[in-house]
Amino acid sequence: MVIISQDMIQQFQNLMEAIDEPLKNSFENLHQGYPHETLVRFLKARDGNVPKAHKMLVDCLNWRIQNEIDDILAKPIVPAEFYREVRDSQLIGMSGYTKEGRPVIAVGVGLSTYEKASIHYYVQSHIQINEYRDRIVLPAATKKFERHISTCVKVLDMTGLKIAQLSQLKLLTVISSIDDLNYPEKTDNYYIVNAPYIFSACWKVVRPLLQERTRKKIQVLSGCGKDDLLKIMDYASLPHFVRREGSGSSRYSGCSSNGEDDCFSLDHGFHQELYKYINQQAEAMELPAPIKHRSFHVQFPEPDQDDRKIAQTIESECQKLNDQNGMANKLDDLTIKDDGERKSKA
């Protein structure tokens, strides 16, 4: 792993001083008062290569300006009933903090269906959560724990993961590319829980394709991962699908029926505060007309070569598993038929 030196940072700072004023304004909104740490993140994402890190950051700032990302927290998804459907089909939330103060972001990978809205609404929602994390959650954590906190950890629940979800690969690749190119090094660790066979099969072929820096961040935990996660966070901060006893759906985990303990639900405190904040920001902008029911279109970045290769590998592996399952089903049918024929002849 490359060690980021002070000389690299100084070179990067010199290059950033020459950028245009609109880019400088967007950079201020991006770094939230911590320009040094932000430069380090982009340097890490490009293995200490200053020209590449500079290009990556400038591309990010241009993306933010062209897509009005600085104003995205003033563009609510309406009406609220529709937003609830988005939340119920894109399972993500915040369950608490680690013992070091990092926000715990929970993602229901296996049971997210992405079937209630267009891709643009899901991308808009994802970016809003990123921006709310960076502008509101992380500064609040910094104040609460009395030290600078700029990263989170993610707990990914694979419950319900199926081969059929291959159809979601395009959307997931888009979201992954947005994060890689515009929010680099914001997650310290990814904890995989409730991993079924299909994940293990795909992980086996995908893991060697990941950069060492990314590979070291990912830990596949046994079962729901409760014992391991309790080493880094208190019980109250565990996602609801980890706190439950036994196995089962991360969406229906036997928590309170009103959804307040389900960090994916719109009724959870995190999502209530997020949605309230977005609506307040929209009102503060004094829009001349009521907000219309339409998605906020963001330009999708082209996946880099590594992301494209990973997506192709997952698609290929899932197809192999699908073919194997199909062959097994055909053999089962033949066996049943053969037994029936034997019985009729007897």
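This is a predicted model: local features need pLDDT of at least 70, side-chain atom pairs count only at pLDDT 80 or more; totals for chains, interfaces and linings use all residues.
Local features need pLDDT of at least 70 and side-chain atom pairs count only at pLDDT 80 or more, while totals for chains, interfaces and linings use all residues. Residues are numbered from 1 along each chain as its sequence is written, and side-chain values use heavy atoms, with hydrogens and water left out. The protein has 13 helices and five strands. These are DSSP runs numbered from the N terminus: helices are H or I with at least four residues, strands are E with at least two.

**Overall numbers**

- Of the 346 residues, 47% count as buried. Buried means under 20% relative accessible area, exposed means over 50%, and partly exposed lies in between (1.4 Å probe, protein chains only).
- The protein exposes about 18,000 Å², and carbon and sulfur atoms supply 51% of that area. Areas come from the Shrake-Rupley method with a 1.4 Å probe; for residues, only the protein chains shown count as cover.
- Take contacts between residues at least 6 apart in sequence: 78% of them join residues at least 24 apart. Contact means heavy atoms within 4.5 Å.

**The sheet**

- Five strands form an open sheet in the order β1-β2-β3-β4-β5, with mixed pairing. Two strands pair if DSSP finds at least two bridges between them.
- The edge strands are β1 (92-97) and β5 (218-220), each pairing on one side only.
- From one strand to the next, the twist averages 20 degrees. Axes are lines fitted to C-alpha atoms, for helices over the stretch in contact; angles run from 0 to 180 degrees between N-to-C directions.
- Strand β4 (residues 187-193) pairs with β5 in the parallel sense, over three bridges. Ile192 has Val220 in β5 as its bridge partner.

**Helix α6**

- Helix α6 (residues 119-145) packs on the sheet and touches β1, β2 (103-108) and β3 (152-157). The direction of α6 makes about 5 degrees with that of β1.
- The 27 residues of α6 should span 39 Å at 1.5 Å a residue; the end C-alpha atoms are 36 Å apart, which agrees. The expected span is 1.5 Å times one less than the number of residues.
- At Arg133, α6 bends by about 40 degrees. The bend is the angle between axes fitted to the seven residues ending there and the seven starting there.
- Of the 27 residues of α6, 20 are buried, so the helix is largely enclosed by the rest of the structure.
- Glu146 follows α6 and has a positive phi, near 55 degrees.

The contacts below leave aside neighbours within four places in sequence.

- Leu209 sits in the loop between α8 (197-206) and α9 (212-215). Its relative accessibility is 27%, so Leu209 counts as partly exposed. Leu209 is in contact with Lys309, Ile310 and Thr313. The C-alpha atoms of Leu209 and Asp306 are separated by 7.5 Å, although the two are 97 residues apart along the chain.
- Pro301 is in the loop between α12 (269-284) and α13 (305-345). Pro301 is buried, at 16% relative accessible area. Pro301 touches Ser177, Ile178 and Leu181. Trp63 is 238 residues from Pro301 along the chain, with 8.9 Å between their C-alpha atoms.
- Ser26 belongs to helix α2 (residues 21-31). With 1% relative accessibility, Ser26 counts as buried. Ser26 is in contact with Leu61, Arg64, Ile65 and Asp70.
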